[in-house]
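Subject: Structure handover

Hello,

Here is the structure I said I would pass on. My notes on it follow below.

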Amino acid sequence: MSRTPLHLVFLLCFLILCVQSHSSRFASISSSSDLVSDGVNDLQEPSYLRLNTLPSNSAPEEACEQSYGFLPCTTSVLGNMFLIIVYGYLMFLAAKYLSAGSELLLEILGPGIVGGLFLPALGALPDAMLILVSGLAGSAEVAQSQVSVGMGLLAGSTVMLLTLIWGTCVIVGKCDLEESGVSTDIWTSYAARIMVISVFPFLIVQLPQMLNSTSGRHLAVLIALIISISMFIIYCLYQVFQPWIQRRKLAFVKHKHVIFGLLRHLKQQALGRLLTENGEPDKEIIDKLFSRIDENKDGRLSASELRALIVGIQFEELDLDHEDAVEKILNDFDTSRDSHVDATEFGNGIIKWLSQVQGSRTGRADDGPHTMKFLHNFHQETKREHDLLDVGEQSDEVVEDVEGGKGVLIKAILFLLLGTAIAAAFADPLVDVVHNFSNATNIPAFFISFIALPLATNSSEAVSAIIFASRDKRKTASLTFSELYGAVTMNNVLCLSVFLALVYMRGLVWNFSSEVLVILVVTVIMGLLGSFRTAFPLWTALVALLLYPLSLVLVYVLDYVFGWS
């Protein structure tokens with residue numbers, strides 16, 4: 001309820017502007033003289049509001065055209081700035097409703113087709129809508145001038161996610177490292193690599209420019225469009241089928257964690273010796289360990305004695321249930337199936353596990369008494385496998401019936417419909433306002449959309465990511481960065497597909513070399529950084545943050561100094 005007044009304020013201001021716009025238009029039509037000013041078109045702006053710092057090819061100032069014939073429009077700087085804020089806030093609400101509806105739908109239906117196909121597309125829907133309408137209106141000439149708004153949003157969204165938001169998450173994270181910074185799992189590195197691969201269509205569409213060819217540009221756009229759509233489908237299908245693959249293997253990886261934890265604990269009790277000088281299991285030490293664990297000295301280990309042993313074992317970052325660990329040990333050691341482990345079974349089980357640890361190690365297995373070396377290699381391999389499958393741990397949970405499931409489903413559908421309706425209704429007016437603001441200030445539309453529009457469509461996602469990263473946990477940091485990489489991947493496949501389809505279907509000229517170069521540079525730098533590192537000190541945040549202003553400078557220099565545009 002606390003947000004209702006804010007909505008009412010925006011609605012009231014919006015209605016006032018609508019009434020003022022209609023009154024102004026009526027006054028200008030009914031009066032044939034210039035003695036009466038309408039207060040909008042005839043108002044002389046102060047010189048400080050007319051920005052002429054950047055060159056522009058825009059036409060002389062013309063009367064604005066109302067979207068849908070009734071929404072307000074203005075040619076003044078402050079008026080367009082206000083409209084950008086209003087329409088931007090409405091797009092923010094659209095993104096928020098779509099996100100809320102998607103999460104409710106996932107809560108009800110669980111992972112699978114919904115999580116793999118619909119949620120990624122719904123998350124990118126506001127951006128895709130804005131890109132689509134930027135090139136649909138008017139003639140080809142008008143579309144060519146306005147489509148730069150779509151390219152600005154596409155580039156600005158990608159750059160903002162990988163620079164401002166990424167860097168802020170590193171600063172507020174500060175988990176696992178002695179110095180400020182964050183660390184992630186290897187699954188996050190694979191998400192970064194997928195993101196780097198997703199820039200391939202950008203390279204295809206730029207080939208004619210790189211080869212100084214003008215004849216194959218339209219064909220390059222078509223080929224890039226086909227590849228981009230194909231990559232979008234493959235990416236969605238990958239997310240659909242990956243969860244059950246992870247669930248199938250996760251139980252085995254948990255088992256290997258039990259092996260490592262128990263052997264490490266026993267090694268510590270045996271003062272570092274479980275193997276002889278020849279690399280063979282030391283049966284004398286193993287028998288002494290059995291006697292130490294056998295508290296009642298009956299020659300058998302019960303489930304309660306194994307549980308007491310397990311309680312003192314740290315299973316690294318895996319939150320493993322103690323009962324589950326006892327069950328795994330009994331399944332491996334208790335060959336007689338009497339729910340107890342005698343000395344022979346214990347010795348054979350330890351020897352079996354030591355052999356498994358040695359077999360997992362690359363290289364020779366006869367390194368003498370270096371048990372620690374075997375355990376270290378085994379642990380690193382197990383930890384890596386668990387990191388790869390850790391994302392499936394959440395999807396391994398049974399999706400329980402949500403209380404009031406039918407009501408929640410209706411609420412989710414309403415959220416999705418409302419978010420889609422708002423995005424569809426106000427995407428075109430927002431693009432028009434950005435174009436009008438560009439004309440009023442002589443600032444190229446690309447720079448306006450690069451800075452302003454991603455704040456509207458990605459601000460909710462940005463706040464969630466920063467809050468999530470601030471929890472100082474390796475797992476939350478991993479999920480946060482994976483979400484950022486996934487959002488950029490959707491930009492590179494879905495939003496780019498929409499943009500390429502516009503250019504191809506409308507017969508527009510592809511002259512976005514500098515913008516594409518910025519996307520490639522930022523995505524490749526941050527993608528490689530995330531692909532081959534799992535620890536991100538504070539200096540990596542500085543690199544990311546500096547890439548944002550450098551991207552703007554690079555586009556300006558290439559377009560307006562070297563004439564790429």
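Asp 338 has a relative accessibility of 35%, so this residue counts as partly exposed. Please keep in mind throughout that the model is predicted. The side chain of Asp 338 meets that of Arg 300 in a salt bridge, with 3.9 Å from N to O. This pair joins distant parts of the chain, 38 residues apart: Asp 338 sits in the loop between helix H11 (322-333) and strand S3 (341-342), while Arg 300 belongs to strand S2 (residues 300-301). Arg 300 is also partly exposed, because its relative accessibility is 33%.

The structure holds two salt bridges. The other one brings together the side chains of Lys 288 and Glu 284, at 3.7 Å from N to O. Here both partners lie in helix H9 (residues 283-293), four residues apart, which is about one turn of the helix. Glu 284 has a relative accessibility of 53% and therefore counts as exposed.

On the overall make-up: the protein has 19 helices and four strands. Of its 565 residues, 50% are buried. Among contacts with a separation of 6 or more, 78% are between residues 24 or more positions apart.

Helix H5 (residues 140-173) deserves a paragraph. This helix has 34 residues, and from its first C-alpha to its last it reaches 47 Å, close to the 50 Å expected at 1.5 Å a residue. H5 bends by about 40° at Met 160. How many residues of H5 are buried? The count is 25 of the 34, so H5 is largely enclosed by the rest of the structure.

Next, the nonpolar cores. The largest one has 108 residues, and Trp 166 and Trp 510 are those with the most contacts inside it. Leaving aside residues up to four places away in sequence, Trp 510 touches Met 151, Val 205, Gln 206, Gln 209, Arg 217, Val 221, Phe 499, Leu 500, Val 503 and Val 516.

Ser 514 is in helix H18. Is Ser 514 buried or exposed? Its relative accessibility is 0%, so Ser 514 counts as buried. Beyond four places in sequence, Ser 514 touches Val 555, Leu 558, Asp 559 and Trp 564.

Finally, confidence. The protein averages a pLDDT of 75, and 65% of the residues score at least 70. Helix H18 (residues 513-531) has the highest confidence, at a mean of 94, and helix H14 (residues 391-395) the lowest, at 43. Over residues 389-403 pLDDT stays under 50, and the model has 32 contacts for them beyond four places in sequence. Residues 244-249 also stay under 50, with nine such contacts in the model. Where pLDDT is low, the predicted coordinates should not be read in detail.

Regards

Definitions and conventions: Residues numbered from 1 in each chain as written. Predicted model: local features only at pLDDT ≥ 70, side-chain atom pairs only at ≥ 80, totals over all residues. Heavy atoms only, no water. Helix = DSSP H or I, 4+ residues; strand = E, 2+ residues; numbered from the N terminus. Expected span 1.5 Å × (residues − 1). Bend = angle between axes of the 7 residues up to and from the residue. Buried < 20%, exposed > 50% of the residue type's maximum accessible area, 1.4 Å probe, protein only. pLDDT = per-residue confidence, 0-100. Contact = heavy atoms within 4.5 Å. Core = buried A, V, L, I, M, F, W, Y, C linked by side-chain atoms within 4.5 Å. Salt bridge = Lys/Arg side-chain N within 4 Å of Asp/Glu carboxyl O.
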